[in-house]
Structures are given as structure tokens and as C-alpha cells.
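Please look through the structure below together with its sequence. The report that follows takes up single residues and pairs of side chains in turn.

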Amino acid sequence: IEGNTISEKQIEFKEGDTLIKLLQDNFKNVTLNDGMIMTFEDFVTPTDWSQFISIYVNDEMSMVGILDIKFEDGTKISLVITEYVPY
């Protein structure tokens, strides 16, 4: 929301690794519910969903859920705390 980086890592992976497993193995307090990241490090998604975590792949918002994201060497994955703004 404020453009601050909370944590940054370069993570090595091997064939068959999933993004959620890599996140859980390399960061604290990572939980998933119905394909949505509910907690990450110190962030907890509020029950009113006023803020949530968006996933960006190579600086573009992912059009697929976390379980379907494909990555290869050099792929940049960003988790961005996003404010829900109703229309």
C-alpha cells in the first residue's frame, strides 16, 4: 500500500517446487485459504478484506491463482498488500 518492501529474497528452486511451498519454506507465517494468501510474515488479511495480498509475476498482476503460477529461473514474484476499494 505504501510502497515499502517488507522482505526480499532470491530463492533457489528445483523442478516440481510450488510457489506456496517456496514461500512457506523461506518466510514466516505463510498461510493459504481457498487459494488466497491469508497471512504472510506480520500481515494478516482482515476479516472485512479491506486489504489483501495480490501476487505479481514479473511486475504484472497474476491472472491465475497461486497454485497455477508457473515460474522459471529469473522470474520475479512480488506479494503486494493491496487495499480493497469498492466501486
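## A buried isoleucine

I66 is buried, with a relative accessible area of 3%, where buried means under 20% relative accessible area, exposed means over 50%, and partly exposed lies in between (1.4 Å probe, protein chains only). I66 has its place in the loop between β5 and β6; helices (H or I, at least four residues) and strands (E, at least two) are DSSP runs, numbered from the N terminus. The C-alpha atoms of I66 and T18 are separated by 8.8 Å, although these two residues are 48 residues apart along the chain.

## The model and its confidence

This is a predicted model, in which local features need pLDDT of at least 70 and side-chain atom pairs count only at pLDDT 80 or more, while totals for chains, interfaces and linings use all residues. Residues are numbered from 1 along each chain as its sequence is written, and side-chain values use heavy atoms, with hydrogens and water left out.

The predictor's confidence in each residue is given as pLDDT, from 0 to 100. The mean pLDDT of the chain is 91, and 99% of its residues reach 70 or more. Confidence in the chain is lowest in β6, at a mean of 93, and highest in β5, at 96.

## Aromatic pairs

A pair of aromatic rings is described by the distance of the centres and the angle of the planes. Rings of Phe, Tyr and Trp (its six-membered ring) pair if their centres lie within 6.5 Å, and planes under 30 degrees apart count as stacked, over 60 as edge-to-face and the rest as tilted. The structure holds two aromatic pairs. In one of them, the ring centres of F13 and F71 are 4.9 Å apart and the planes stand at 80°, so this pair is edge-to-face. The pair links distant parts of the chain, since F13 lies in the segment before α1 (19–26) and F71 in the loop between β5 (60–61) and β6 (77–83), 58 residues apart. F13 counts as partly exposed, at 35% relative accessibility.

The rings of F27 and F40 have their centres 5.0 Å apart, and because their planes are at 45° the pair is tilted. F27 lies in the loop between α1 and β1 (31–33), whereas F40 belongs to strand β2 (residues 36–40), so the pair ties together parts that are 13 residues apart in sequence. F27 is buried, with a relative accessible area of 14%, and F40 is also buried, with a relative accessible area of 13%. K9 lies over the face of F27, at 4.8 Å from the ring centre; a charge sits over a ring if NZ of Lys or CZ of Arg is within 6 Å of the ring centre and within 35 degrees of the ring normal.

## Salt bridges

Side chains of opposite charge can pair when their charged atoms come close. A salt bridge is a side-chain nitrogen of Lys or Arg within 4 Å of a carboxyl oxygen of Asp or Glu, and by this rule the count comes to two salt bridges. D25 forms a salt bridge with K21, and the closest N and O atoms are 2.5 Å apart. Both D25 and K21 lie in helix α1, four residues apart, which is about one turn of the helix. D25 counts as exposed at 51% relative accessibility, while K21 counts as partly exposed at 40%.

D59 forms a salt bridge with K76, with the closest N and O atoms 2.8 Å apart. Here D59 lies in the loop between β4 (51–57) and β5, and K76 in the loop between β5 and β6, so the pair ties together parts that are 17 residues apart in sequence. D59 counts as exposed, at 54% relative accessibility, whereas K76 is partly exposed, with a relative accessible area of 42%.

## Two residues with positive phi

D34 has a positive phi of about 50° although it is not a glycine. D34 is found in the loop between β1 and β2, and this residue is exposed, with a relative accessible area of 76%.

For W49, phi is near 55°, again a positive value in a residue other than glycine. W49 is found in the loop between β3 (43–44) and β4 and is partly exposed, with a relative accessible area of 33%.
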